[in-house]
Amino acid sequence: MGIETSKGYRQVIKWLRQKKRKPFSFQQEAWQYYAEGYSGLVNAPTGFGKTFSLFLAVVIDELNTRAEQKTEKQKTSKQKTHSKKKRSSTGLRLLWITPLRSLAKDLARAMTEVCRELELDWLVSVRNGDTPQAEKLRQKKQMPEVLIITPESIHLLLAQKNTSGQFSQLQCIVTDEWHELIGSKRGVMTELAISRIRGIIHQKHPERLLRIWGISATIGNMEQAMDVLVPYPEVLRIIIKATEEKKIVIKSILPDHIDMLPWAGHLGHKLAHKLLPIIYKSKTTLVFTNTRGQAELWYQNLLNLDENLAGQIAIHHGSIDFELRNWIEDALHSGILKAVISTSSLDLGVDFKPVDTVVQIGSPKGVARFLQRAGRSGHSPHEISTIYFLPTHALELVEAAAIKEAAKTQDIESRDPIVMAFDTLVQYMVTIAVGDGFDEQQLYHEVKETFAYHELLPSEWSWLMQFITTGGDSLSAYHEFKKVSKVDGLWKVESRQMAMRHRLHIGTIVSDPMLKVKYLGGGFIGMVEESFISKMKAGSSFTLAGKVLDFVMVKDLTVLVRRSRAKRAITPSWMGGRISLSANLGTILRKKYNETLDKSHDDEELDIILPLFERQAKVSHVPKDDEFLIELIHTKDGHHLFAYPFEGRQVHEVMAALIAYRISRNTPITFSIAMNDYGFELLSEQQLPIEETEIRQLFSPEHLAEDIVISINATEMARRKFRDIACISGLIFQGFPGKYIANKHLQSSASLFFNVFSDFDRHNLLLRQAYDEAFYQQIEEPRLLAALQRIQQSKIIIVKTDRYTPLCFPIKVDSLRENMSSEELSQRIERMTAETEKKATKKFRNKNDHQL
């Protein structure tokens, strides 16, 4: 029977009509499949009501259940009562997992409104790091019907005693923005939490059907995404795709003219004045940057251009104080603000009605990220999403053209799921032991059912059990590593202190310890990393949350500041700053380079940048997509090798080290290395000892793994990775809130464990994981291999010259940036540009004299 005949469905349709809305076909599909007991994934454009496709499915189911119960009661009793009943909780019915805290508040507001208007007495609550303790205690006493929660908070819930009863009425788990979680350890945490909750429900109510659904707007590997979320063969599964398409208009903010030698950041600030009219004519504009540091810089930049924007613009990122973030989100809803400069903290799922324009500053380095951000404007089905692209240097205009084409063809990146993350599994096992404890065989079965650990061997499980109960072969002499013991047939953590320490650090994001920033007179501003503040001197100025502050001192791990009168200040740098170009975008980028000179395109961006490409063709070469360009340049700085694989900064860093090692195998030579998303540089004082015939050999994929291990010191990379693994797995205690252990001490402790395991416990799974993460995540060995194989199939073009070219100049500037202040860098760039132009003029004159 179709759901259309049910009372709950008719009630929801009536409510929608009153609001002058009509359900989309994909929403009705989701309601029908949910009613039939299916789990699965909903894929629809941003702003089309993906949330309602699943939330209303659960609501319809509840309304139908209540209608049936009411009918039964009417049969047994005719008695009527007019007294107002006190709301009685029916228990947790829907667990809604969200990756961002900013999403939760918006979702709770929308869901509460639906329940109120449908006269459904459900309580919708939020549980995450920002939730007050009093609210958490209320939830413990009486669970709401809908709980919106982050992956970390679910694990904290599972780490409490007597939590199994809280899931007894659970009908459905929804994972929002699943594409954002799937490629991370937070996604693995989500998989494990779902497996545990399924296990709890099955144990107490074997007949109970728990539905598991995911929501995703932008992901390339949809089938695999569903396999990761719902890996259970006995469960009915379906992918629901919307046929409706969201209209997105992408406009580039074009320069009036471009520099022949481009460099990152320079053009962006020159174009800032063109951003002001866009902000003025829009109701509200979201301005996205890729890093927190850039957000701080652009906030100051816009205020410097127009002081009247003070009070009308704000800045939003994860290091700003929670209360200020809350105020900004509320102000966005009410339309008070003209613009907000933000990082990824606002690019997922949040529905801010007044936002009609989005601006992306600099390349987003990925198609999915760009489309996700575009969807924050015109966040309803029949509105157009408008996004402006503001390039920070000229070559990013080619990326703008590439993104436009990818958006048109829906060429969206895949997200590779994380598998066999032993640190996350160790943490999870101790989490369950801190809570109600676990039966070894039952937990092993639950874990084996997940996608992340479906290849887990019995021998590996035995090692994990030994590790959490004795510390393993190398740590068994130390009592602090004997965390879990058997009590009444279940494995539990008996020590209260150990349990408390574990709860403090549940999660998989390990960063430099954050210090709160506070005015001397009181009032928190935000957070900065310890490594940044450790370089500050009393009186030094820095910006945070759009304010210029003078550093006074650090007291009780709080940074005390006062307002500054300085007009210029340092911008904090946060770890994980630079994003690397995606493989999808790199492929389209190479294609666009061909089209620029051939003029076989309709891209205004490529028309603007044509003179730069003509200059590149004149002094060097513009590589076609079946060519690989190498420039050998001799300048006052030394001998340079520039190569252009267009594979992203991360791949280029490893490739550069690999080529440097292979060159130095035959002749002792020292290099400095620089890279950007388009290529890399090797610089030496000596002449490069390579023949043109050797180039293909240098870029050979043969013996790649062995050469990587030697060239980049894979052991050292694994050692650095091990610091996070050691923190996540609980080998290292990171300290109490407000008294975190310094980053250098954490690294030192992790190195000690790494050495012990390397010397005495070579089969340690955490050690193995460190090398795997170094190879497959940091080095991206599969992508590097594919790039080298492509180069082997390409025609290799070698150009020798005595001056910098438009393609190599941004790489050269990036290498100088890290060692110079902004003023020194600017002066150096002016000199380099003048020298290059002088050489070009001299060569032109010599050519004319020769012709005469």
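Mentor: We'll take a sheet, the helices on it, then a helix pair. This is a predicted model, where local features need pLDDT of at least 70, side-chain atom pairs count only at pLDDT 80 or more, and totals for chains, interfaces and linings use all residues. Residues are numbered from 1 along each chain as its sequence is written, and side-chain values use heavy atoms, with hydrogens and water left out.

Trainee: What's the strand order in the open sheet?

Mentor: E8-E13-E12-E9-E11-E10, six strands with parallel pairing. Strands (E, at least two residues) and helices (H or I, at least four) are DSSP runs, numbered from the N terminus. Pairing takes at least two DSSP bridges.

Trainee: Which are the edge strands?

Mentor: E8 (248–252) and E10 (313–316), each pairing on one side only.

Trainee: How many bridges join E9 to E11?

Mentor: Four. In E11, serine 342 is the bridge partner of phenylalanine 288.

Trainee: Which strands does helix H13 touch?

Mentor: H13 (residues 322–334) packs on the sheet against E9, E10, E11 and E12. Contact means heavy atoms within 4.5 Å. Its direction makes about 130 degrees with that of E10. Angles run from 0 to 180 degrees between N-to-C directions, with axes fitted to C-alpha atoms, for helices over the stretch in contact.

Trainee: New topic. How do the axes of H24 and H26 cross?

Mentor: At roughly 90 degrees, coming within 9 Å. H24 and H26 are therefore roughly perpendicular (65 to 115 degrees).

Trainee: Which residues meet there?

Mentor: Ala657, Leu658, Tyr661 and Arg662 in H24 meet Leu704, Asp707, Ile708, Ile710 and Ser711 in H26.

Notes
Parallel < 35°, antiparallel > 145°, perpendicular 65-115°, else oblique.
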